[in-house]
Amino acid sequence: MSAVRENGVIVAIDGPSGAGKSSLTKLLAQRLGYIHIDTGAMFRAVALMSKRAGIATDDDARLAELCRGLEVTFVRDGENCRVLANGEDVSTEIRTEEIGLLTSAISARKPVREALLTMQRAMGAKGGVILEGRDIGTVVFPDAEVKFFLSASAEERGRRRYLELAARGDKATLEETIAKVIQRDQQDEGREHAPLKQADDALPIDSTSLSIEEVLTVMENAVRERLAQDDKR
Ligand SMILES: Nc1ncnc2c1ncn2[C@@H]1O[C@H](COP(=O)(O)OP(=O)(O)OP(=O)(O)O)[C@@H](O)[C@H]1O
Ligand SMILES: Nc1ccn([C@@H]2O[C@H](COP(=O)(O)O)[C@@H](O)[C@H]2O)c(=O)n1
């Protein structure tokens with residue numbers, strides 16, 4: 001137990017698409033015995049449900065109503081985590097590039113951000129969690145004990161996403177994938193509400209030339225250093 005919170009510290013990992021947030025959050029959570037909260041998956045679930053309901057991306061009233069009736073939960077499945085929207089497993093459907101782009105539009109809407117902000121704070125308040133997203137260290141938990149801002153060049157992030165999509169049989173070209181990564185960056189950084197940006201007290205990590213293991217070592221050392229400080233208090 002952390003001297004700070006009941007279940008441990010709060011770790012925030014923010015950064016642009018394809019930087020490695022989900023990969024590192026999953027591994028770091030395993031190393032620390034912490035809960036992995038994929039806030040992107042929550043926004044993706046809202047986007048998927050809004051698409052099914054035929055809700056326009058700027059229809060704030062209907063988006064607010066949808067969020068009021070939506071429960072997003074995470075269920076462990078071996079080493080993986082399934083994403084449930086009102087009990088339905090939407091883990092695969094929310095991962096398409098189409099939903100990814102729609103999510104960038106949906107997540108710019110204030111009612112959606114307010115609804116998910118409440119959910120995310122409730123999920124993480126007691127600590128012992130790692131939340132990955134775009135605004136964790138700046139908006140959701142500005143008092144998080146450990147914050148990282150994980151980035152990489154757009155070309156490298158596009159290459160990673162291209163390999164990931166190709167492995168799933170997606171026919172997108174590398175150039176198309178890099179362009180979509182840049183488009184999502186611009187949408188996430190340029191929006192009015194909770195834009196993607198590095199918290200002033202976040203540790204920046206540029207993973208362009210680092211392996212997943214190398215990034216994990218930097219992150220784990222930083223968290224354990226903070227835990228050691230708390231134990232001395
Ligand atoms: N440092 C790294 N070196 C090489 N490949 C990496 C590195 N970090 C992540 N990857 C790979 O890049 C792809 C994207 O990683 P991941 O999904 O974790 O990124 P993300 O930041 O969560 O992206 P998004 O925000 O779009 O969900 C995955 O296939 C992952 O294995
Ligand atoms: N805290 C967050 C997390 C995500 N978003 C938006 O969701 C999109 C998908 O996120 P992934 O991490 O699954 O790629 C992302 O592009 C953001 O538009 C957000 O706004 N805030």
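This is a predicted model: local features need pLDDT of at least 70, side-chain atom pairs count only at pLDDT 80 or more; totals for chains, interfaces and linings use all residues.
Two packed helices are described by the angle between their axes and the distance between the axes. For helix 1 (residues 21-32) and helix 9 (residues 212-232), the angle is about 50 degrees and the axes lie 10 Å apart. The two helices are therefore oblique to each other, and the crossing of helix 1 and helix 9 is right-handed. On the side of helix 1, the contact is formed by Ser23, Leu24, Leu27, Leu28, Arg31 and Leu32. These residues meet Ile212, Glu213, Val215, Leu216, Met219, Glu220, Val223 and Arg224 of helix 9. By class, the contact of helix 1 with helix 9 comprises nine nonpolar, one polar and four charged residues.

Helix 2 (residues 39-53) contains 15 residues. From the first C-alpha to the last, helix 2 reaches 21 Å, close to the 21 Å expected at 1.5 Å a residue. Helix 2 is mostly covered, with 11 of its 15 residues buried. The buried positions are Thr39, Ala41, Met42, Phe43, Arg44, Ala45, Val46, Ala47, Leu48, Met49 and Ser50.

Thr177 is located in helix 8 (residues 174-190). Its relative accessibility is 3%, and Thr177 therefore counts as buried, the cut-off being under 20% relative accessible area. When neighbours within four places in sequence are left aside, Thr177 is in contact with Gly158, Arg161, Tyr162, Leu165 and Ala172.

How values were computed:
Residues are numbered from 1 along each chain as its sequence is written. Chains are lettered from A and ligands numbered from 1 in the order in which they are written. Side-chain values use heavy atoms; hydrogens and water are left out. Axes are lines fitted to C-alpha atoms, for helices over the stretch in contact, and angles run from 0 to 180 degrees between N-to-C directions. Helices (H or I, at least four residues) and strands (E, at least two) are DSSP runs, numbered from the N terminus. Angles under 35 degrees count as roughly parallel, over 145 as roughly antiparallel, 65 to 115 as roughly perpendicular and the rest as oblique. A crossing is left-handed if the near helix is turned anticlockwise from the far one by less than a right angle, and right-handed if clockwise. Contact means heavy atoms within 4.5 Å. Ala, Val, Leu, Ile, Met, Phe, Trp, Tyr, Cys and Pro count as nonpolar, Asp, Glu, Lys and Arg as charged, and the others, Gly among them, as polar. The expected span of a helix is 1.5 Å times one less than its number of residues. Buried means under 20% relative accessible area, exposed over 50%, partly exposed in between (1.4 Å probe, protein chains only).
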